[in-house]
Amino acid sequence: MKQQSKPNGAAKANGHATSVKRINLGLQGGGSHGAFTWGVLDRLLEDERVEIEAITGASAGAVNAVVLADGMATGDRNQARKTLRKFWESVSAAGAYSPLRRTPLEAAKGGWNLDNSPGYIFFDVLSRIASPYDLNPLNLHPLRDLLQKTVDFERVRASMLKLFVSATNVETGRAHVFDKQHLTINHVLASACLPFMFKAVEIDGVPYWDGGYMGNPPLWPLFDHATADDVVIVQINPITRKGVPKSAREILNRLNEITFNASLLRELRAIDFVTRLMEAGHLQGTGYRRVLVHMIGDEPSLSALGASSKLNTEAAFLEMLFQKGRRAADGWLLQNFEAVGERSTVSIRDLFMGDEDPLDGSRIDRQAHFRDMSQQTVN
């Protein structure tokens, strides 16, 4: 039942011709940690063996997606890399005079967190007692200015890339995915709208918050609208964090990480369930496709960064994340490129730390048991 991705060209690697492999990308949100994703994208664009068919993203992932689509409007990979760098350099320039900066002691220790920054502490406390409707009546949004200066949404809509951006419907609590056909700056702002910082973004009269709450990133648009079987998830939110958080801030930060990963883990569990059903021959003729899952990340490095660092826009911090993203993508290409189009390179079950749910399909061969139960009568 698997639909093989068809190579549509050839590139050179180490002096030898090799088939171009088509992939889809799933980009997570995570504030300034999105600079890690920038590094991953830069390395993938550098490798002509890789063709990106579709991108789905939430929050910072959605921002990276539209910036990439803008740069790729003419199909020029180098231009896309330049556009991404221009955007992230503008982020650091805009934050050069921000009060949300590391303390000298944190900088001396080589850390990047803002936990002890007076500006961050003031903002953190204030956001717990007042809403953006009280604190930001004019609804000022620095991301709006950055996108207006660096992204042409007409080029984004005309791009060859398939593009999907998620936001969370405030009223229903459901994810809403926008495709690029009518994509505007407001759709991206909705996808990156943290409710403690900004007013809900209204689109056609519907209020939206950050897409990361219900789809970080949403994978389901790729199943029906992309031909490539391979989905490469760029992970910037740690799934596993050892130890029990003790302080109020640590508890809240870990809760946010769990919340932002929950929707992705649910989708991955569903993919794993369907894959096992297909392997057991139970879905023949149903039209289901086999999805090959890959993941690029650096959990040791990113889990060492506190949640406050997601608001750190110092140029040195963004460049450090960029370089880590490049190295992570380089390692993934070296180890896993040959597997693209053939098999998954991430164990979904390992992401659940080996937990088994007796109702998740791990006993899908017990048809006889269910037939016997269906024949029982209730007295």
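Trainee: How far from the centre of the ring of F337 does the charged end of R49 sit?

Mentor: This is a predicted model, in which local features need pLDDT of at least 70, side-chain atom pairs count only at pLDDT 80 or more, and totals for chains, interfaces and linings use all residues. Residues are numbered from 1 along each chain as its sequence is written, and side-chain values use heavy atoms, with hydrogens and water left out. A charge sits over a ring if NZ of Lys or CZ of Arg is within 6 Å of the ring centre and within 35 degrees of the ring normal. For R49 over F337, the distance to the ring centre is 3.9 Å.

Trainee: Which Lys lies over the face of F337?

Mentor: The distance from the ring centre is 5.0 Å in this case. The residue over the face of F337 is K21.

Trainee: How many residues apart are R102 and E314, whose side chains meet in a salt bridge?

Mentor: A salt bridge is a side-chain nitrogen of Lys or Arg within 4 Å of a carboxyl oxygen of Asp or Glu, and R102 meets E314 at 3.0 Å, N to O. Both residues are buried (under 20% relative accessible area; exposed is over 50% and partly exposed in between, with a 1.4 Å probe and protein chains only). Helices (H or I, at least four residues) and strands (E, at least two) are DSSP runs numbered from the N terminus. R102 lies in the loop between α3 and α4, and E314 in the loop between α12 and α13, so the pair links distant parts of the chain, a separation of 212 residues.

Trainee: How many residues of α2 are buried?

Mentor: Among the buried residues of α2 are V63, N64 and D70. The helix is largely enclosed by the rest of the structure, because its buried residues number 12 of the 12.

Trainee: What is the angle between the ring planes of W112 and F317?

Mentor: Rings of Phe, Tyr and Trp (its six-membered ring) pair if their centres lie within 6.5 Å; planes under 30 degrees apart count as stacked, over 60 as edge-to-face and the rest as tilted. The whole structure holds six aromatic pairs. The centres of W112 and F317 are 5.2 Å apart, and the pair is tilted because the angle between the planes is 35°.

Trainee: Which strand holds Y208, the partner of F178 in an aromatic pair?

Mentor: This pair is edge-to-face, with 5.4 Å centre to centre and 75° between the planes. F178 is buried at 9% relative accessible area, and Y208 is buried at 4%. F178 lies in β6, so the pair ties together parts 30 residues apart in sequence, Y208 being in strand β8.
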